[in-house]
Amino acid sequence: MNEVLTTLQPAAIWRHFQTLCNTPRPSYHEAALREHLIQWATKLGHETYVDPVGNLLIRKAANKGMEDRETVVLQGHLDMVAQKNADIDHDFTKDPIVTQVIDGWVHATGTTLGADNGIGVAAAMAVLEATDLVHGPIEALFTIEEETSLRGALQLEEGILQGKILLNLDSEDRGDVYIGCAGGMDINIEKQYVAIAADSDQKAFKITVSGLRGGHSGLDIHKGRASANVLIVRLLNLLKERCDFGLSAFSGGTLRNAISRDATATINVSSKDQAKLFAFIEAFEKATQAEFSATEANLSVTLATAALDSELESNAKDALLNAMYCAPHGVHRMSADLEGVTETSCNFGVMNLRNTADGKKAFDACLLVRSLVDSAVEHLAYVAKSAFSLIQADVKLENGYPGWRPDPKACLLKHFLTVHTNVMGHEANVKVIHAGLECGIIGAKYPGMEMVSFGPNIRGAHSPTERMEIDSVGDFWRLLVALLASTPKA
């Protein structure tokens, strides 16, 4: 078992993060980690409780003399995003995350690291285990399925939390404190098609768009990165204006909240149009490489022969490609109130067209809308729904969750800023994040609870380039310890 992290400081937090790396925990597979935490906390003498949806709550009593302080909720999520490079053999449900240290940063080896939000869970574990920290009553809340549906927060049992202060340990920039976040909604689309046989004079080709950076669908959506899904839909729509082809299959993206890095499409082309196909693919690659030269240095569009298979009827193909071309992706609007902050966006995260057992073709897709304004979430979700309703697809708007409305005058924020200045020697940057922190959902269930979110430097979250800066973890820990020691009286 790789134990490289156990040599780092602060030792306690890195030791627990190593445990998380050693325990497979993709979304929907948090049970093993939860059971480990229950047994671990019970041995320490702490109270544990699992709510009906599977969230874990661990309570630790206050130090002597701190019993009169406010109860602090330390909150993070157990699951991690499961993304890997195509050439990596890794089963996220069985295999540990193999880590390495490069130039002061902790990386995985071709997979996501799970610093999002493993480092927050590890920090809470270090607090729960410590015998030398000064703190009042602690409640550690570990939620499930944050990365896929926010189901843990959405179905969190009401009334189980006693604390009125919540420290969300799921942010990714040292020196920043977040006081608001976007809400969001999933758009899930499905449709079945009758498949027709390919012509005998056709030849099948697999088109692949690859080499893209991907990234977090909220934090990176404004950075001008390409989406493999959007590019291959664009390619197919332009191609159908130049030559006749049959659409057999396509696949792109694996998560609704990650910008797709790779996508493929399999098409059937007659011999008379193959020269046009070859020329178009070469021209499209050059054009998109030039278009995204500043953000996608490794963008590649390739063509390879494939096995001939059934295809969509021509009108159905055209309608589906048109609907996908109309689907929103990217920044829809920047905030008019917060300079440089994305207000509303949509990520075309996942799409598939595949054969079914009964000889048909099944299409499915998932988009994720985010906004700081709840009404804008609804609007953009219905834009997407309208595009796919035109082809009579089954469109469901699901897993909606509210945003976290900023309160710049909150007492907790004032206290955090004072502590941050004392510990770090400079003021913190107060920010609002274009991502779905669980704070807004939990806050709606516990009105009056004050919350902030902070963390160490994490880069490349939701992609195999994810990495975490070692020095910033030490600062994150010192700040958390100081906040707990100075918790106000109840």
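Author: Start before the helices: Pro 10 lies in the segment that precedes α1 (11-22). Helices are DSSP runs (H or I, at least four residues), strands likewise (E, at least two), numbered from the N terminus. The peptide bond leading from Gln 9 into Pro 10 is cis, with omega near 0 degrees. This is a predicted model, where local features need pLDDT of at least 70 and side-chain atom pairs need 80 or more, while totals for chains, interfaces and linings use all residues. Residues count from 1 along each chain as its sequence is written, and side-chain values use heavy atoms, leaving out hydrogens and water.

Another cis bond joins Asp 116 to Asn 117, with omega near 5 degrees. Asn 117 lies within helix α3, residues 115-129.

Asp 103 is not a glycine, yet its phi is positive, about 50 degrees. It lies in the loop that links β4 (99-102) to β5 (105-108). Asp 103 counts as exposed because its relative accessibility is 75%. The cut-offs are under 20% relative accessible area for buried, over 50% for exposed, and partly exposed in between, with a 1.4 Å probe and protein chains only. Asn 399 is not a glycine either, and its phi is about 55 degrees, also positive. Asn 399 lies in strand β21, residues 394-401. With a relative accessible area of 32%, Asn 399 is partly exposed.

Now the close look: helix α7. At its start, a side-chain oxygen of Glu 313 comes to within 3.1 Å of the backbone nitrogen of Asn 315.

Which residues of α7 are buried? They are Ala 316, Lys 317, Leu 320, Leu 321, Ala 323 and Met 324. These lie on the same side of α7 because they cover an arc of only 160 degrees around the axis (taken from the directions from the axis to the C-beta atoms). The face turned away from that buried side carries the exposed residues Asn 315 and Cys 326.

The largest pocket has a volume of about 1,200 Å³. Of its 49 lining residues, Gly 218, Leu 219, His 222, Ile 433 and His 434 are the closest to its centre. A pocket is an open set of points on a 1 Å grid where a 1.4 Å probe fits, with protein on both sides within 12 Å along at least five of seven lines, and lining residues have an atom within 4 Å of a point. The volume is the space filled by probe spheres set on those points. β8 (176-181), β19 (342-355), β22 (429-433) and β24 (458-459) each give the lining at least two residues. β22 has the largest share, with four. By type, the lining holds 20 nonpolar, 13 polar and 16 charged residues. Charged means Asp, Glu, Lys and Arg; nonpolar means Ala, Val, Leu, Ile, Met, Phe, Trp, Tyr, Cys and Pro; the others, Gly among them, are polar.

The second largest pocket holds about 280 Å³ of space. It has 17 lining residues, and Gln 83, Gly 253, Thr 254, Arg 261 and Asp 262 are the closest to its centre. β13 (245-252), β14 (258-259) and β15 (263-270) each supply at least two lining residues here. This lining divides into six nonpolar, eight polar and three charged residues.

Definitions and conventions
A polar contact is a pair of N or O atoms within 3.5 Å; within protein, one must be able to donate a hydrogen and the other to accept it, and residues adjacent in sequence count only if both atoms are side-chain atoms.
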